[in-house]
Amino acid sequence: MTVLSPHDGTPVGTLPCAGAEEVRDAIATARAAARDWAGTSPEERGRLVRAAADALAEHAEEVAALNTRETGKLAHEALGGVLAGVGTLHQYAELGPVHRGHALRGGTLAADYTVAEPRGVVAAITPWNDPVAVAAGLLGAALVTGNTVVHKPSERCPHTGARLGEILTAALPDGVLVTVTGGPETGRLLADQADLDVLAHVGSTETGRAIARAALDTGAHVIRENGGNDPLVVDDDVDPAWAAEQAAIGAFTNAGQICTSVERIYVHRAVAEPFLHALAAEARQRNREAALAPLVDRRMRDAVHGHVRAALQDGATALEGGEVPEGAGSFYPATVLRDCTDAMQVMTEETFGPVAPVRVVDSFAEGLHLASRDRYGLAATVLTSRIAHAQRAIAELPAGTVKVNNVFGGAPGGAAQPRRDSGAGFGYGPELLDEMTQVKVVHVEMPPSN
(Lines give C-alpha, C1' and ligand atoms only; values in the text may rest on other atoms or scores of the structure.)
Protein backbone atom coordinates (compact mmCIF):
# COMPACT_ATOMS: atom_id res chain seq x y z
CA MET A 1 0.00 0.00 0.00
CA THR A 2 1.85 3.06 -1.32
CA VAL A 3 0.67 6.60 -0.54
CA LEU A 4 1.49 9.44 -2.96
CA SER A 5 1.73 13.08 -1.96
CA PRO A 6 -1.29 15.08 -3.17
CA HIS A 7 1.05 18.08 -3.48
CA ASP A 8 3.34 16.67 -6.16
CA GLY A 9 2.61 12.97 -6.60
CA THR A 10 5.86 11.77 -5.01
CA PRO A 11 5.76 8.66 -2.78
CA VAL A 12 5.20 9.26 0.93
CA GLY A 13 5.82 5.67 1.90
CA THR A 14 4.62 2.09 1.79
CA LEU A 15 2.88 0.02 4.46
CA PRO A 16 1.55 -3.56 4.46
CA CYS A 17 -2.13 -4.42 4.16
CA ALA A 18 -3.30 -6.64 6.98
CA GLY A 19 -4.83 -9.89 5.75
CA ALA A 20 -7.24 -12.28 7.40
CA GLU A 21 -4.64 -13.77 9.77
CA GLU A 22 -3.38 -10.35 10.90
CA VAL A 23 -6.93 -9.11 11.48
CA ARG A 24 -7.83 -12.18 13.55
CA ASP A 25 -4.61 -11.83 15.54
CA ALA A 26 -5.34 -8.15 16.25
CA ILE A 27 -8.82 -8.96 17.56
CA ALA A 28 -7.48 -11.87 19.60
CA THR A 29 -4.90 -9.55 21.17
CA ALA A 30 -7.57 -7.01 22.06
CA ARG A 31 -9.87 -9.74 23.39
CA ALA A 32 -7.11 -11.15 25.60
CA ALA A 33 -6.55 -7.70 27.14
CA ALA A 34 -10.26 -6.91 27.52
CA ARG A 35 -10.90 -8.56 30.90
CA ASP A 36 -8.07 -6.85 32.74
CA TRP A 37 -8.77 -3.49 31.10
CA ALA A 38 -12.48 -3.69 31.98
CA GLY A 39 -11.44 -4.49 35.55
CA THR A 40 -9.14 -1.46 35.74
CA SER A 41 -10.69 1.33 37.79
CA PRO A 42 -12.27 4.18 35.80
CA GLU A 43 -9.92 6.60 37.55
CA GLU A 44 -6.87 4.63 36.39
CA ARG A 45 -8.21 4.29 32.86
CA GLY A 46 -8.72 8.04 32.78
CA ARG A 47 -5.18 8.62 34.01
CA LEU A 48 -3.71 6.39 31.31
CA VAL A 49 -5.75 7.99 28.53
CA ARG A 50 -4.61 11.39 29.82
CA ALA A 51 -1.02 10.19 29.62
CA ALA A 52 -1.62 9.04 26.04
CA ALA A 53 -3.04 12.48 25.20
CA ASP A 54 0.02 14.15 26.69
CA ALA A 55 2.27 11.90 24.60
CA LEU A 56 0.37 12.89 21.47
CA ALA A 57 0.78 16.56 22.39
CA GLU A 58 4.55 16.07 22.59
CA HIS A 59 4.54 14.66 19.04
CA ALA A 60 1.88 17.00 17.63
CA GLU A 61 4.06 18.71 15.03
CA GLU A 62 5.50 15.40 13.83
CA VAL A 63 2.06 13.81 13.38
CA ALA A 64 0.67 16.98 11.74
CA ALA A 65 3.54 17.07 9.24
CA LEU A 66 2.90 13.43 8.36
CA ASN A 67 -0.80 14.19 7.90
CA THR A 68 0.04 17.09 5.56
CA ARG A 69 2.32 14.86 3.48
CA GLU A 70 -0.32 12.14 3.12
CA THR A 71 -3.57 14.08 2.72
CA GLY A 72 -2.42 17.55 1.62
CA LYS A 73 -4.07 19.21 4.61
CA LEU A 74 -2.71 22.71 5.23
CA ALA A 75 -0.01 22.68 7.91
CA HIS A 76 -1.86 24.87 10.41
CA GLU A 77 -5.09 22.93 9.91
CA ALA A 78 -3.28 19.61 10.32
CA LEU A 79 -1.72 20.83 13.56
CA GLY A 80 -5.12 22.11 14.68
CA GLY A 81 -6.58 18.67 14.03
CA VAL A 82 -3.91 16.95 16.11
CA LEU A 83 -4.38 19.39 18.97
CA ALA A 84 -8.14 18.89 18.73
CA GLY A 85 -7.47 15.17 19.12
CA VAL A 86 -5.36 15.88 22.20
CA GLY A 87 -8.20 17.94 23.64
CA THR A 88 -10.72 15.20 22.88
CA LEU A 89 -8.63 12.57 24.65
CA HIS A 90 -8.28 14.88 27.66
CA GLN A 91 -12.05 15.42 27.62
CA TYR A 92 -12.80 11.69 27.69
CA ALA A 93 -10.13 11.12 30.34
CA GLU A 94 -12.20 13.44 32.54
CA LEU A 95 -15.64 12.21 31.47
CA GLY A 96 -14.90 8.48 31.76
CA PRO A 97 -14.56 8.28 35.55
CA VAL A 98 -17.81 10.22 36.09
CA HIS A 99 -19.88 8.21 33.60
CA ARG A 100 -22.62 6.83 35.80
CA GLY A 101 -25.76 4.79 35.99
CA HIS A 102 -29.17 5.77 37.36
CA ALA A 103 -31.10 5.06 40.52
CA LEU A 104 -34.52 3.53 39.91
CA ARG A 105 -37.62 3.90 42.05
CA GLY A 106 -38.38 0.53 43.60
CA GLY A 107 -39.50 -0.82 46.92
CA THR A 108 -38.66 1.02 50.14
CA LEU A 109 -36.40 -1.76 51.38
CA ALA A 110 -34.90 -2.60 47.99
CA ALA A 111 -32.20 -1.02 45.85
CA ASP A 112 -32.68 -0.64 42.10
CA TYR A 113 -30.08 0.94 39.86
CA THR A 114 -28.24 0.61 36.55
CA VAL A 115 -24.58 -0.09 35.90
CA ALA A 116 -22.76 0.87 32.69
CA GLU A 117 -20.38 -1.85 31.54
CA PRO A 118 -17.94 -1.95 28.61
CA ARG A 119 -19.21 -3.75 25.55
CA GLY A 120 -15.89 -5.53 24.94
CA VAL A 121 -13.80 -5.17 21.77
CA VAL A 122 -14.39 -2.14 19.52
CA ALA A 123 -13.33 -1.97 15.88
CA ALA A 124 -12.82 1.68 14.92
CA ILE A 125 -12.60 2.43 11.19
CA THR A 126 -11.69 6.09 10.72
CA PRO A 127 -11.41 8.55 7.78
CA TRP A 128 -8.60 10.55 6.20
CA ASN A 129 -10.06 14.06 6.18
CA ASP A 130 -9.40 14.75 9.88
CA PRO A 131 -7.69 11.52 10.87
CA VAL A 132 -6.36 12.37 14.32
CA ALA A 133 -9.27 14.33 15.76
CA VAL A 134 -11.90 11.83 14.57
CA ALA A 135 -9.90 8.81 15.72
CA ALA A 136 -9.26 10.42 19.12
CA GLY A 137 -13.00 10.71 19.70
CA LEU A 138 -13.76 7.05 19.04
CA LEU A 139 -10.62 5.70 20.68
CA GLY A 140 -10.92 7.94 23.73
CA ALA A 141 -14.57 7.13 24.40
CA ALA A 142 -14.00 3.41 23.90
CA LEU A 143 -10.92 3.20 26.12
CA VAL A 144 -12.15 5.21 29.11
CA THR A 145 -15.30 3.07 29.31
CA GLY A 146 -13.21 -0.10 29.56
CA ASN A 147 -13.29 -1.38 26.00
CA THR A 148 -10.24 -2.52 24.05
CA VAL A 149 -9.87 -1.28 20.48
CA VAL A 150 -8.67 -2.45 17.08
CA HIS A 151 -8.14 0.67 14.98
CA LYS A 152 -7.98 0.71 11.19
CA PRO A 153 -7.06 4.16 9.84
CA SER A 154 -7.91 5.14 6.28
CA GLU A 155 -5.74 3.75 3.50
CA ARG A 156 -5.28 7.35 2.36
CA CYS A 157 -3.34 8.23 5.53
CA PRO A 158 -2.06 4.94 6.97
CA HIS A 159 1.27 6.38 8.10
CA THR A 160 -0.53 9.01 10.17
CA GLY A 161 -2.76 6.34 11.71
CA ALA A 162 0.12 3.97 12.40
CA ARG A 163 2.19 6.69 14.07
CA LEU A 164 -0.82 7.75 16.14
CA GLY A 165 -1.17 4.17 17.31
CA GLU A 166 2.51 3.93 18.25
CA ILE A 167 2.34 7.10 20.33
CA LEU A 168 -0.86 6.18 22.16
CA THR A 169 -0.04 2.53 22.83
CA ALA A 170 3.26 3.48 24.44
CA ALA A 171 1.22 4.98 27.29
CA LEU A 172 -1.33 2.14 27.54
CA PRO A 173 -1.24 -1.48 28.72
CA ASP A 174 -0.36 -4.11 26.11
CA GLY A 175 -3.20 -5.13 23.83
CA VAL A 176 -5.59 -2.37 24.85
CA LEU A 177 -5.15 -0.57 21.51
CA VAL A 178 -4.07 -2.40 18.34
CA THR A 179 -3.61 -0.71 14.95
CA VAL A 180 -3.97 -2.50 11.62
CA THR A 181 -3.31 -0.87 8.25
CA GLY A 182 -4.82 -1.77 4.93
CA GLY A 183 -7.29 -0.87 2.25
CA PRO A 184 -11.00 -1.61 1.82
CA GLU A 185 -10.43 -5.36 1.91
CA THR A 186 -8.84 -5.09 5.36
CA GLY A 187 -11.84 -3.07 6.51
CA ARG A 188 -14.22 -5.73 5.18
CA LEU A 189 -12.26 -8.47 6.93
CA LEU A 190 -12.44 -6.53 10.19
CA ALA A 191 -16.18 -5.84 9.93
CA ASP A 192 -16.93 -9.50 9.18
CA GLN A 193 -15.28 -10.85 12.33
CA ALA A 194 -17.71 -12.47 14.74
CA ASP A 195 -15.63 -11.73 17.84
CA LEU A 196 -16.33 -7.99 17.83
CA ASP A 197 -18.75 -6.16 20.09
CA VAL A 198 -18.81 -2.71 18.45
CA LEU A 199 -18.23 -1.47 14.91
CA ALA A 200 -17.58 2.29 14.95
CA HIS A 201 -17.18 3.91 11.54
CA VAL A 202 -16.75 7.42 10.20
CA GLY A 203 -16.64 7.59 6.42
CA SER A 204 -18.71 7.14 3.30
CA THR A 205 -22.35 6.08 3.28
CA GLU A 206 -21.57 3.14 1.01
CA THR A 207 -19.01 1.75 3.44
CA GLY A 208 -21.28 2.47 6.40
CA ARG A 209 -24.07 0.44 4.82
CA ALA A 210 -21.72 -2.48 4.23
CA ILE A 211 -20.64 -2.35 7.88
CA ALA A 212 -24.26 -2.27 9.06
CA ARG A 213 -25.05 -5.30 6.90
CA ALA A 214 -22.08 -7.19 8.32
CA ALA A 215 -23.25 -6.43 11.84
CA LEU A 216 -26.62 -8.06 11.13
CA ASP A 217 -24.75 -11.38 11.03
CA THR A 218 -22.24 -10.76 13.83
CA GLY A 219 -24.52 -8.90 16.25
CA ALA A 220 -22.02 -6.08 16.79
CA HIS A 221 -23.35 -2.73 17.97
CA VAL A 222 -22.91 -0.18 15.15
CA ILE A 223 -22.03 3.51 15.48
CA ARG A 224 -21.61 5.30 12.17
CA GLU A 225 -21.28 8.83 10.93
CA ASN A 226 -21.46 8.72 7.17
CA GLY A 227 -21.89 11.03 4.21
CA GLY A 228 -23.68 14.34 4.27
CA ASN A 229 -25.10 16.76 1.73
CA ASP A 230 -25.48 19.69 4.09
CA PRO A 231 -27.62 22.62 2.94
CA LEU A 232 -27.21 26.33 3.66
CA VAL A 233 -30.36 28.47 3.48
CA VAL A 234 -29.84 32.24 3.16
CA ASP A 235 -32.75 34.49 4.15
CA ASP A 236 -33.53 37.87 2.59
CA ASP A 237 -32.79 39.91 5.73
CA VAL A 238 -29.07 39.17 6.17
CA ASP A 239 -26.05 41.06 4.89
CA PRO A 240 -25.21 39.26 1.61
CA ALA A 241 -21.45 39.87 2.01
CA TRP A 242 -21.49 38.27 5.46
CA ALA A 243 -23.62 35.41 4.16
CA ALA A 244 -21.15 34.86 1.32
CA GLU A 245 -18.29 34.76 3.82
CA GLN A 246 -20.14 32.11 5.83
CA ALA A 247 -20.85 30.12 2.66
CA ALA A 248 -17.19 30.29 1.63
CA ILE A 249 -16.01 29.12 5.03
CA GLY A 250 -18.47 26.24 4.91
CA ALA A 251 -17.73 25.19 1.33
CA PHE A 252 -13.98 25.81 1.00
CA THR A 253 -12.41 25.03 4.40
CA ASN A 254 -10.08 22.01 4.06
CA ALA A 255 -10.87 22.20 0.33
CA GLY A 256 -14.44 21.15 1.13
CA GLN A 257 -13.28 17.84 2.58
CA ILE A 258 -15.24 18.00 5.84
CA CYS A 259 -18.24 15.81 6.71
CA THR A 260 -20.27 18.90 7.61
CA SER A 261 -19.11 21.11 4.71
CA VAL A 262 -21.71 23.26 2.99
CA GLU A 263 -22.62 21.17 -0.06
CA ARG A 264 -25.61 23.08 -1.50
CA ILE A 265 -26.88 26.62 -1.08
CA TYR A 266 -30.40 28.05 -1.34
CA VAL A 267 -30.37 31.86 -1.40
CA HIS A 268 -33.38 34.20 -1.36
CA ARG A 269 -33.85 36.01 -4.65
CA ALA A 270 -33.87 39.40 -2.88
CA VAL A 271 -30.18 39.06 -1.95
CA ALA A 272 -29.07 36.57 -4.61
CA GLU A 273 -27.09 38.88 -6.91
CA PRO A 274 -24.95 40.61 -4.27
CA PHE A 275 -24.52 37.25 -2.50
CA LEU A 276 -23.30 35.53 -5.67
CA HIS A 277 -20.98 38.43 -6.48
CA ALA A 278 -19.46 38.31 -2.98
CA LEU A 279 -19.20 34.50 -2.96
CA ALA A 280 -17.38 34.51 -6.31
CA ALA A 281 -15.00 37.13 -4.90
CA GLU A 282 -14.35 34.92 -1.85
CA ALA A 283 -13.51 31.98 -4.13
CA ARG A 284 -11.38 34.16 -6.43
CA GLN A 285 -9.34 35.45 -3.51
CA ARG A 286 -8.63 31.90 -2.31
CA ASN A 287 -7.61 30.82 -5.79
CA ARG A 288 -5.43 33.88 -6.33
CA GLU A 289 -3.63 33.42 -3.02
CA ALA A 290 -3.30 29.63 -3.47
CA ALA A 291 -4.99 29.30 -0.07
CA LEU A 292 -6.56 25.90 -0.70
CA ALA A 293 -5.03 22.54 0.12
CA PRO A 294 -5.02 19.94 -2.65
CA LEU A 295 -7.67 17.28 -2.66
CA VAL A 296 -6.51 14.06 -1.06
CA ASP A 297 -5.70 12.39 -4.38
CA ARG A 298 -6.49 12.50 -8.08
CA ARG A 299 -9.27 9.94 -7.72
CA MET A 300 -11.08 12.39 -5.43
CA ARG A 301 -10.38 15.26 -7.83
CA ASP A 302 -11.83 13.28 -10.74
CA ALA A 303 -15.01 12.67 -8.72
CA VAL A 304 -15.35 16.33 -7.73
CA HIS A 305 -14.76 17.58 -11.26
CA GLY A 306 -17.22 15.01 -12.57
CA HIS A 307 -19.97 16.64 -10.48
CA VAL A 308 -18.97 20.11 -11.68
CA ARG A 309 -18.68 19.12 -15.34
CA ALA A 310 -22.12 17.46 -15.31
CA ALA A 311 -23.68 20.57 -13.72
CA LEU A 312 -22.14 22.83 -16.36
CA GLN A 313 -23.43 20.55 -19.10
CA ASP A 314 -26.92 20.74 -17.59
CA GLY A 315 -27.07 24.55 -17.53
CA ALA A 316 -25.15 25.76 -14.47
CA THR A 317 -22.68 28.64 -14.85
CA ALA A 318 -19.28 28.80 -13.20
CA LEU A 319 -18.71 32.24 -11.67
CA GLU A 320 -15.26 31.11 -10.51
CA GLY A 321 -13.22 27.94 -10.88
CA GLY A 322 -14.62 24.80 -12.44
CA GLU A 323 -11.49 23.76 -14.34
CA VAL A 324 -8.79 21.22 -13.52
CA PRO A 325 -5.48 23.06 -13.11
CA GLU A 326 -2.32 21.96 -14.86
CA GLY A 327 0.67 20.67 -12.95
CA ALA A 328 1.51 18.03 -10.40
CA GLY A 329 -0.63 17.05 -7.46
CA SER A 330 -4.40 17.00 -7.06
CA PHE A 331 -5.30 20.66 -6.62
CA TYR A 332 -8.78 21.91 -7.51
CA PRO A 333 -9.91 25.53 -7.43
CA ALA A 334 -12.59 27.04 -5.23
CA THR A 335 -15.63 26.89 -7.51
CA VAL A 336 -18.95 28.77 -7.46
CA LEU A 337 -21.82 27.52 -9.61
CA ARG A 338 -25.03 29.48 -10.17
CA ASP A 339 -28.30 28.43 -11.84
CA CYS A 340 -28.13 25.00 -10.22
CA THR A 341 -31.16 22.73 -9.97
CA ASP A 342 -31.94 19.88 -7.61
CA ALA A 343 -31.73 17.48 -10.54
CA MET A 344 -27.97 18.04 -10.69
CA GLN A 345 -25.60 15.60 -9.02
CA VAL A 346 -23.73 18.49 -7.45
CA MET A 347 -26.90 19.22 -5.45
CA THR A 348 -28.10 15.67 -4.77
CA GLU A 349 -24.82 13.98 -3.80
CA GLU A 350 -21.91 14.77 -1.49
CA THR A 351 -19.28 16.39 -3.73
CA PHE A 352 -16.62 16.61 -0.98
CA GLY A 353 -14.60 19.29 -2.69
CA PRO A 354 -14.30 23.12 -2.76
CA VAL A 355 -17.53 23.61 -4.69
CA ALA A 356 -20.39 25.97 -3.80
CA PRO A 357 -23.47 25.21 -5.95
CA VAL A 358 -26.22 27.82 -5.62
CA ARG A 359 -29.93 27.72 -6.33
CA VAL A 360 -32.01 30.90 -6.10
CA VAL A 361 -35.36 30.57 -4.29
CA ASP A 362 -38.34 32.90 -3.98
CA SER A 363 -38.88 32.54 -0.23
CA PHE A 364 -37.30 31.23 2.95
CA ALA A 365 -40.04 28.61 3.08
CA GLU A 366 -39.08 27.35 -0.38
CA GLY A 367 -35.43 27.17 0.69
CA LEU A 368 -36.34 25.10 3.76
CA HIS A 369 -38.53 22.82 1.67
CA LEU A 370 -35.78 22.14 -0.87
CA ALA A 371 -33.15 21.79 1.84
CA SER A 372 -35.28 19.09 3.50
CA ARG A 373 -35.68 17.02 0.32
CA ASP A 374 -32.55 14.92 0.63
CA ARG A 375 -31.61 11.37 1.59
CA TYR A 376 -28.90 12.56 3.99
CA GLY A 377 -29.39 14.03 7.45
CA LEU A 378 -26.06 15.06 8.93
CA ALA A 379 -26.22 18.85 9.44
CA ALA A 380 -27.81 22.02 8.05
CA THR A 381 -27.33 25.77 8.45
CA VAL A 382 -29.65 28.76 8.11
CA LEU A 383 -28.68 32.43 8.02
CA THR A 384 -31.52 34.66 9.19
CA SER A 385 -32.30 37.55 11.54
CA ARG A 386 -35.86 36.37 12.18
CA ILE A 387 -36.36 34.25 15.29
CA ALA A 388 -39.53 32.80 13.77
CA HIS A 389 -37.58 31.60 10.71
CA ALA A 390 -34.83 30.17 12.91
CA GLN A 391 -37.39 28.27 15.01
CA ARG A 392 -39.12 26.97 11.92
CA ALA A 393 -35.81 25.74 10.50
CA ILE A 394 -34.99 23.95 13.76
CA ALA A 395 -38.38 22.25 13.70
CA GLU A 396 -38.44 21.31 10.01
CA LEU A 397 -34.90 20.46 8.91
CA PRO A 398 -34.41 16.66 9.18
CA ALA A 399 -30.77 16.76 10.27
CA GLY A 400 -28.88 15.67 13.35
CA THR A 401 -27.42 19.17 13.76
CA VAL A 402 -29.03 22.51 12.85
CA LYS A 403 -26.87 25.64 13.03
CA VAL A 404 -28.22 29.17 12.97
CA ASN A 405 -25.94 31.99 11.76
CA ASN A 406 -22.63 30.07 12.01
CA VAL A 407 -21.73 27.28 9.60
CA PHE A 408 -19.22 25.68 11.97
CA GLY A 409 -20.65 26.77 15.31
CA GLY A 410 -20.94 24.45 18.29
CA ALA A 411 -20.18 24.15 21.98
CA PRO A 412 -17.39 21.92 23.33
CA GLY A 413 -18.58 18.41 24.09
CA GLY A 414 -21.48 18.63 21.68
CA ALA A 415 -22.79 15.40 20.19
CA ALA A 416 -24.89 14.67 17.14
CA GLN A 417 -27.12 11.83 16.00
CA PRO A 418 -26.98 11.51 12.20
CA ARG A 419 -30.17 10.61 10.38
CA ARG A 420 -31.13 8.63 7.31
CA ASP A 421 -28.19 7.93 4.96
CA SER A 422 -25.84 9.93 7.17
CA GLY A 423 -25.61 7.20 9.79
CA ALA A 424 -26.90 6.20 13.21
CA GLY A 425 -25.84 6.52 16.82
CA PHE A 426 -24.29 9.39 18.73
CA GLY A 427 -20.82 10.54 17.83
CA TYR A 428 -18.66 12.63 20.19
CA GLY A 429 -19.66 14.20 23.48
CA PRO A 430 -20.81 12.41 26.63
CA GLU A 431 -23.40 10.49 24.62
CA LEU A 432 -20.64 8.55 22.87
CA LEU A 433 -19.80 7.01 26.25
CA ASP A 434 -23.35 5.63 26.29
CA GLU A 435 -22.83 4.11 22.83
CA MET A 436 -19.65 2.39 24.03
CA THR A 437 -21.33 0.79 27.06
CA GLN A 438 -24.23 -1.53 27.79
CA VAL A 439 -26.57 -1.12 30.73
CA LYS A 440 -27.16 -3.72 33.41
CA VAL A 441 -30.20 -3.25 35.65
CA VAL A 442 -29.66 -4.36 39.25
CA HIS A 443 -32.31 -5.16 41.85
CA VAL A 444 -31.29 -5.93 45.46
CA GLU A 445 -33.49 -6.63 48.48
CA MET A 446 -33.25 -8.44 51.78
CA PRO A 447 -34.26 -12.11 52.05
CA PRO A 448 -37.14 -12.98 54.40
CA SER A 449 -36.12 -13.07 58.03
CA ASN A 450 -36.12 -16.41 59.87
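**Close-up A. Glu-155 and Lys-152 pair in a salt bridge.** In this predicted model, the closest N and O atoms of Glu-155 and Lys-152 are 3.3 Å apart. Are the two partners buried or exposed? Lys-152 is buried, since its relative accessibility is 4% and buried means under 20%. Glu-155 has a relative accessible area of 27%, so this residue is partly exposed.

**Close-up B. Asp-421 meets Arg-209 in a salt bridge.** Here the N to O distance between the two side chains is 2.8 Å. Where in the chain do Asp-421 and Arg-209 lie? Asp-421 is in the loop between strand 17 (419–420) and strand 18 (423–424), while Arg-209 belongs to helix 8, so the pair ties together parts that are 212 residues apart in sequence. Asp-421 is buried, with a relative accessible area of 17%. Arg-209, at 37%, is partly exposed.

**Close-up C. Glu-349 and Arg-375 form a salt bridge.** The closest N and O atoms of this pair are 2.9 Å apart. Glu-349 sits in the loop between helix 12 (345–348) and strand 13 (355–361), and Arg-375 sits in the loop between helix 13 and strand 14 (376–377), so their pairing ties together parts that are 26 residues apart in sequence. Glu-349 is partly exposed, with a relative accessible area of 25%. Arg-375 is partly exposed too, and its value is 33%.

**Close-up D. Leu-216 is an exposed residue of helix 8.** Helix 8 spans residues 205–218, and Leu-216 has its place there. With a relative accessibility of 71%, Leu-216 counts as exposed, because the cut-off for that label is over 50%. Which separation would you find between the C-alpha atoms of Leu-216 and Asp-192? They are separated by 10.0 Å, and the two residues are 24 residues apart along the chain.

**Close-up E. Helix 3 packs against helix 4.** Helix 3 covers residues 60–71 and helix 4 covers residues 75–95; they pack at an angle of about 125 degrees, with their axes 8 Å apart. That angle makes helix 3 oblique to helix 4. The crossing of helix 3 past helix 4 is right-handed. From helix 3, the contact uses Ala-60, Glu-61, Val-63, Ala-64, Asn-67 and Thr-68, and from helix 4 it uses Ala-75, Ala-78, Leu-79, Val-82 and Leu-83. Sorted by type, the residues of this contact comprise eight nonpolar, two polar and one charged.

**Close-up F. Helix 13 packs against helix 14.** Residues 364–372 make up helix 13 and residues 387–396 make up helix 14; their axes are 11 Å apart and the packing angle is about 20 degrees. Helix 13 and helix 14 are therefore roughly parallel to each other. Helix 13 passes helix 14 in a crossing that is right-handed. Which residues meet here? Helix 13 brings Phe-364, Ala-365, Leu-368 and Ser-372, and helix 14 brings His-389, Arg-392, Ala-393 and Glu-396. The residues of this contact include four nonpolar, two polar and two charged.

Key
Residues are numbered from 1 along each chain as its sequence is written. This is a predicted model: local features need pLDDT of at least 70, side-chain atom pairs count only at pLDDT 80 or more; totals for chains, interfaces and linings use all residues. Side-chain values use heavy atoms; hydrogens and water are left out. Axes are lines fitted to C-alpha atoms, for helices over the stretch in contact, and angles run from 0 to 180 degrees between N-to-C directions. Helices (H or I, at least four residues) and strands (E, at least two) are DSSP runs, numbered from the N terminus. Angles under 35 degrees count as roughly parallel, over 145 as roughly antiparallel, 65 to 115 as roughly perpendicular and the rest as oblique. A crossing is left-handed if the near helix is turned anticlockwise from the far one by less than a right angle, and right-handed if clockwise. Contact means heavy atoms within 4.5 Å. Ala, Val, Leu, Ile, Met, Phe, Trp, Tyr, Cys and Pro count as nonpolar, Asp, Glu, Lys and Arg as charged, and the others, Gly among them, as polar. Buried means under 20% relative accessible area, exposed over 50%, partly exposed in between (1.4 Å probe, protein chains only). A salt bridge is a side-chain nitrogen of Lys or Arg within 4 Å of a carboxyl oxygen of Asp or Glu.
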